[in-house]
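Welcome! Please take a look at the sequence and the structure below, and then walk through a few of the features with this short briefing.

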Amino acid sequence: MRDRLRVFREWLGPLWWHTGLMLVISQAGNLVNFYIGVFLAPDALREEQLGAVLPLLQLAGFVGVPLSVVIGTALKYVNVFQANGEYGRVKKLLRDMCWVAVVLSVLVAVYVGHSRGFIQARLKIGDSGIIWMVAGIAVISCWLPLVQMAAQGLLKFYPLIVSSVVAPVARLAAIVILIRQFQVLGYLAASFLSIVSVVLFLGWSVRHSFGKKIPAERYGAYLPEMSRHLLLMGLCVLGANLQTMVEPWVIRHRLSLHDSAGYYMVAMFGNIPAYVAPVMAPFLFPLVSARHATGGSTRRMHLQSLAVVLLIAATLITILALSGRLILEIRPSWRAYAAFAPYMWQAAVVASLSAFVGIHITHENARGRFAYLRYYVPVILLEVVALYGLMGWEFFRPFLPAVIFGAVDGLVVRNLQFVLGFMIGARVLLFLGVCAEVLWRNSAAHPGIGRCRIKLRQQTEGDSD
């Protein structure tokens, strides 16, 4: 039996073997998170608080962008050093990242505390304790990618798989105790405790990388190359987090409390396709990076990953499009948002295309290629600026001629469909950009195919003449 399992594992390869394990085991974690988001939260939270959950969580992620950028770069070089057997440099890099995390944790707490008035006014929150909890999540989130990076870079795949269950179980236990009494504050506190549990669990799994037997070794020769990677990855991470933070922020700030709560409900169901990409990403990056470092091809892993995301996403989008209203009619706490059913499949499109683009970016970052930034950053900036500006168009009234102001204001429809239209449009443009880039790389890798096509076309034209 063990021999058959070993043969099957070798046939699948490391990416799909670990992805398969993660897909099976993490479903328990996904089900717990789904239960919290779709059952517990709508039942326990008042409508005026339910719509604040997503923008607050996304805000916590956005505040942690600086460390995410640094950690993303470090992960690339942990894999490089690991592949070259330079364990001393791995140790030194991980230690340096710990100090960076300490400094940025302090800066994050100071920044969120200083901005709490601004945040409370726009997200319609009265309790300042909620903002401090967001700061806590942002701080501990600074440490989460560090231990995840260490586990990925050191190929500790099995602890990563187990951690996908540890976090939601800890979150569920905390949220059952806290949410009814403390509302959104309890929801956020449970999220904070779940992240702490993963940090401690993964930190324990990589503790030997700091062992005394391995002397730390400097990596100064890599700093120019790492700086370039840091700058380029920074544009990617900043763009992604800016997009996911601004969209629910605009909905909460500019639309009604009912609309923001309705968006929460459709987003919870619509995000189901996005569960696929996180299953693969922890393994895709280090495996691609390691194979690239040794001169191997990663094209097959890349295309397979994109195809799997599209196949699962198409199936789930179809289901939600056909049965969205029936789903929301099932329970009393959902029924209040049944009118938002037509938006459910649209939220699924947003999540699916985001997952597709995210897998492509993970692959390209692992190979140190950033050509996607040429279309990725402009599309996101265009969407964010246009959406935020149009939804708050009244701000520009004193600065614009009445004719121009009135013409633009007449085009703006301040409802959820208008915002979702922007979100879908941006993802479609990014999807087309990824497809064009993949096709271009494929044709560049197989120039003979292009020459054969040209020759065949010339022969066809000659025959027609």
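Let us start with helix α4 (residues 65-83) and helix α5 (residues 87-114), whose axes come within 9 Å and cross at roughly 175°. Keep in mind as you read that this is a predicted model.

**Helices α4 and α5**
- An angle over 145 degrees counts as roughly antiparallel, so α4 and α5 are roughly antiparallel to each other.
- On the α4 side, the contact is made by Pro66, Leu67, Val70, Ile71, Ala74, Tyr77, Val78, Phe81 and Gln82.
- On the α5 side, you will find Tyr87, Arg89, Val90, Leu93, Leu94, Met97, Val100, Ala101 and Leu104 in the contact.
- Sorted by class, the contact of α4 with α5 has 16 nonpolar residues, one polar and one charged.

**Helices α10 and α11**
- Helix α10 (residues 223-254) packs with helix α11 (residues 257-270) at an angle of about 150°, and their axes are 7 Å apart.
- The helices α10 and α11 are therefore roughly antiparallel to each other.
- From α10, Pro248, Ile251 and Arg252 meet Leu257, Asp259, Ser260 and Tyr263 of α11.
- The contact of α10 with α11 is made up of four nonpolar, one polar and two charged residues.

**A patch on the surface**
- Now try looking at the outside of the model: Val428, Leu429 and Leu432 form a nonpolar patch on the surface.
- Together, Val428, Leu429 and Leu432 have about 250 Å² of accessible area.
- To find one of them, Leu432, look in helix α18 (residues 416-445).

Conventions:
Residues numbered from 1 in each chain as written. Predicted model: local features only at pLDDT ≥ 70, side-chain atom pairs only at ≥ 80, totals over all residues. Heavy atoms only, no water. Patch = residues over 30% accessible without salt bridge, like charges linked within 9 Å, V, L, I, M, F, W, Y side chains within 5 Å. Areas by Shrake-Rupley, 256 points an atom, 1.4 Å probe, with all protein chains shown as cover. Salt bridge = Lys/Arg side-chain N within 4 Å of Asp/Glu carboxyl O. Helix = DSSP H or I, 4+ residues; strand = E, 2+ residues; numbered from the N terminus. Axes fitted to C-alpha atoms, helices over the stretch in contact; angles between N-to-C directions. Parallel < 35°, antiparallel > 145°, perpendicular 65-115°, else oblique. Contact = heavy atoms within 4.5 Å. Nonpolar A, V, L, I, M, F, W, Y, C, P; charged D, E, K, R; others polar.
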